[in-house]
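User: Hi! Could you walk me through this structure with a few questions and answers?

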Amino acid sequence: MNIDRNLDTVIVGAGFAGMYCLHKQIQDGFNAEIFEKADDVGGTWYWNKYPGARCDIESMDYSYSFSDELQQEWNWKEKYGTQPEILEYARFVSKKFNLREKINFKTSIVKARFINKKWIVQTDNDLIIECKYLILATGNLSTPNTPNIEGISNFKGRIYHTGAWPEKMPEFEGRKVGIIGTGSSGVQSIPVISETAQELLVFQRTANFSLPARHSELPINKRENYKKNYKKYRELAQNSSFGIAKYQPPTKSAFDVNKDERDEIYENAWQEGGQAMLFAFTDLLTNKEANETAANFVRNKIRKIVKNKETAEKLCPNDHPIGTKRLCLDSNYFETYNKENVSLIDISNHPIQKITKKGLVTNDIEYEFDDLVFATGFDAMTGAVNAIEILNEENISLKSVWSKGPKTYLGIMVSDFPNLFMITGPQSPGVKSQMILSIEQHVNFIHDLIIHKKNNKYLQVNANRNKQDEWVNHNNEVANATLYPLAHSWYNGDNIVGKSRNFMPYVGGVANYKNICDEKVKNDYEGFEFL
Ligand SMILES: Cc1cc2nc3c(=O)[nH]c(=O)nc-3n(C[C@H](O)[C@H](O)[C@H](O)COP(=O)(O)OP(=O)(O)OC[C@H]3O[C@@H](n4cnc5c(N)ncnc54)[C@H](O)[C@@H]3O)c2cc1C
């Protein structure tokens, strides 16, 4: 086999994970390169250019902390970063740290095989690279899921997926638009599309909880004050459950207060905006009755906002505890259903039968439209990893090892796949946290592990199988002590037909998780085997 390039490290993906990973590698003299499918950096914020795309975590938090110079230099303009602003930030970082020259854009990694203590990696343009370390920064939400509905190819209008939105924003002026999906991307895009579309038909399979973001510009004095105290805020974030400085663990149960007091707390959280409500009480995610108090509060808000009673009831989520699916934040989502040009079509009991030339059929009724938008999410957490054919020394594929669900050690390594690392992989807090914080923690951990291996002249590092099993069991135990598994969600793989049902993220909190990782290091990298 002809090797075209010899590297220390191949990093797959140029989102926030890949970029920070590359920066660390370059800093310590490793010969590392990124391979990225897109023609630019940014990952999520490159692909999700749909109208209204925005971060659900305040921009002062959702940013890198590794460089004080960077966090002092960059000025966020809005409370919650918009997709263009976050993409601009990613580009700024890539230039500031001279990363772009080490990024191979428009290049996908399609195959990797571990042979003679090296990874042999293949790209979609037939480049063969040999490297010591293969780091997957492929993203948890980077493989768009388009449901396999009969007749899709018959549709004569324009088709879009929120997760692969075109560079040039399509005009919806004067057009009739159908949108399938009311998760985060749907909740963000529906109000914006409704502003210009002549008519918007929303096809809803599951009603979702959404809280008002209370979005605004970011006042300069607030921003500057935050910057002065960044160290303190970053520490608060690291010591929290979800990696967000202002949401510290609550101390009271929902039943430590009476109904009036509870509703006042919920009302204040609703008015404040963001996810504050979920952090009001200790037991909202562990006790069904406690959860129901918050869920009911939100349902009553929906009933007050949406004028048409029937539509309001359809928008009230009843099939999962609040917070157990990705909680949406919105700007006038429920208000949108009061507009004359917006209709909600409940498909919960009448799945889409087929897509036709002019629209779609559900409950034997054909709905016609010019444009069809899929806001149907992603093959989350395992989709991008499984899309690469990754073979270990025994020629066994990672996809086959994960056929009944992902198994990892700390969400970082998989037993019998030496020198292969994942950033925010399954069974780590990743998607249940402020992700840039989790990304930085993983990159630091992986980087230190590689340096440890190198300094000790080991050729490979592998995750111990028993320790991996223990970690997977622990992950399940922690999840089963909560209400999360009760929801049909992408956390469980439920949105993908045929995907094995497993609760994938670690929900023990980022502070606990980091302590566990630090303990492993202290115990001489417990669970990692060096050769
Ligand atoms: C709409 C949306 C809103 C979000 N909002 C929030 C939020 O409010 N807060 C939060 O913390 N997180 C949020 N996230 C999660 C977000 O994904 C992370 O915050 C973060 O951007 C992940 O960075 P990453 O580098 O790990 O992955 P990504 O940004 O997904 O980057 C992965 C990159 O890998 C590339 N890639 C994948 N496979 C290959 C391959 N085989 N070959 C070459 N390239 C490959 C992809 O093209 C992509 O560019 C959101 C995600 C979405 C989709």
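**Contacts, strands and a pocket**

Analyst: Happy to. Leaving out residues up to four places away in sequence, N475 touches Q427, F503, M504, P505 and Y506. Please keep in mind that this is a predicted model.

User: Thanks! In which helix is the place of N475, and is N475 buried or exposed?

Analyst: N475 sits in a helix spanning residues 465–480, namely α15. Buried means under 20% relative accessible area. N475 has 0% relative accessibility, so N475 counts as buried.

User: P406 is in the loop between α13 and β20. Which residues does P406 touch, not counting those up to four places away in sequence?

Analyst: The loop that holds P406 runs between α13 (398–401) and β20 (420–422). At 6% relative accessibility, P406 is under the 20% cut-off and therefore counts as buried. With residues up to four places away in sequence set aside, P406 touches T382, P426, Q427 and M504.

User: And what separates the C-alpha atoms of P406 and N386?

Analyst: P406 and N386 are 20 residues apart along the chain. The separation of their C-alpha atoms is 10.0 Å.

User: Let's turn to the strands. Is strand β1 largely enclosed or largely open, going by its buried residues?

Analyst: Strand β1 covers residues 5–12, eight residues in total. Six of the eight are buried, so the rest of the structure leaves β1 largely enclosed.

User: Which strands pair with β1 in the parallel sense, and what is the bridge partner of V10 in β8?

Analyst: β1 pairs in the parallel sense with β2 (residues 32–35) over four bridges, and T9 stands opposite A32 there. β1 also pairs with β8 (residues 128–136), again in the parallel sense, over seven bridges. In β8, V10 has as its bridge partner L134.

User: How do β6 and β7 pair, and which residue in their turn has a positive phi?

Analyst: β6 (residues 109–115) and β7 (residues 118–123) pair in the antiparallel sense over six bridges, with I115 and K118 as bridge partners. The two strands form a hairpin with two residues between them. The turn residue with a positive phi, of about 50 degrees, is N116.

User: What is the bridge partner of R113 in β19?

Analyst: β6 also pairs with β19 (residues 389–391), here in the parallel sense and over three bridges. In β19, the partner of R113 is L391.

User: R214 and K457 each have a positive phi. Where does each lie, and is K457 buried or exposed?

Analyst: Most residues other than glycine have a negative phi. R214 has a positive phi of about 55 degrees and is in the loop between β12 (210–212) and α6 (220–228), where R214 is partly exposed at 34% relative accessible area. K457 also has a positive phi of about 55 degrees, and its place is the loop between α14 and β21. With a relative accessible area of 72%, K457 is above the 50% cut-off and therefore exposed.

User: Q460 is in the loop between α14 and β21. What is the relative accessible area of Q460?

Analyst: Q460 lies in the loop leading from α14 to β21 (461–463). Leaving aside neighbours within four places in sequence, its contacts include F114, K117, E529 and F530. Q460 is buried, its relative accessible area being 9%.

User: Which residues have the most contacts inside the largest nonpolar core, and which element gives the largest share of it?

Analyst: The largest nonpolar core has 130 residues, and F16, F421 and F528 have the most contacts inside it. The largest share of this core, nine residues, comes from α14. Another core, of 23 residues, lies apart from it, with A112, C131, L134 and L136 among its members. To come back to your questions, the residues are F16, F421 and F528, and the element is α14.

User: Finally, which residues lie nearest the centre of the second largest pocket, and what is the volume of that pocket?

Analyst: Its lining has seven nonpolar, seven polar and eight charged residues, and α7 (230–238), α14 (435–455) and α16 (510–522) each supply at least two residues. Of the 22 lining residues, S65, Q238, E440, N444 and K514 lie nearest the centre. The volume of the second largest pocket is about 430 Å³.

Technical notes. Residues numbered from 1 in each chain as written. Predicted model: local features only at pLDDT ≥ 70, side-chain atom pairs only at ≥ 80, totals over all residues. Heavy atoms only, no water. 1 Å grid on protein atoms, 1.4 Å probe; cavity = no way out; pocket = protein on both sides within 12 Å on 5 of 7 lines; lining within 4 Å. Points joined across faces, edges and corners; volume = space filled by probe spheres on them. Nonpolar A, V, L, I, M, F, W, Y, C, P; charged D, E, K, R; others polar. Buried < 20%, exposed > 50% of the residue type's maximum accessible area, 1.4 Å probe, protein only. Contact = heavy atoms within 4.5 Å. Core = buried A, V, L, I, M, F, W, Y, C linked by side-chain atoms within 4.5 Å. Pairing = 2+ DSSP bridges.
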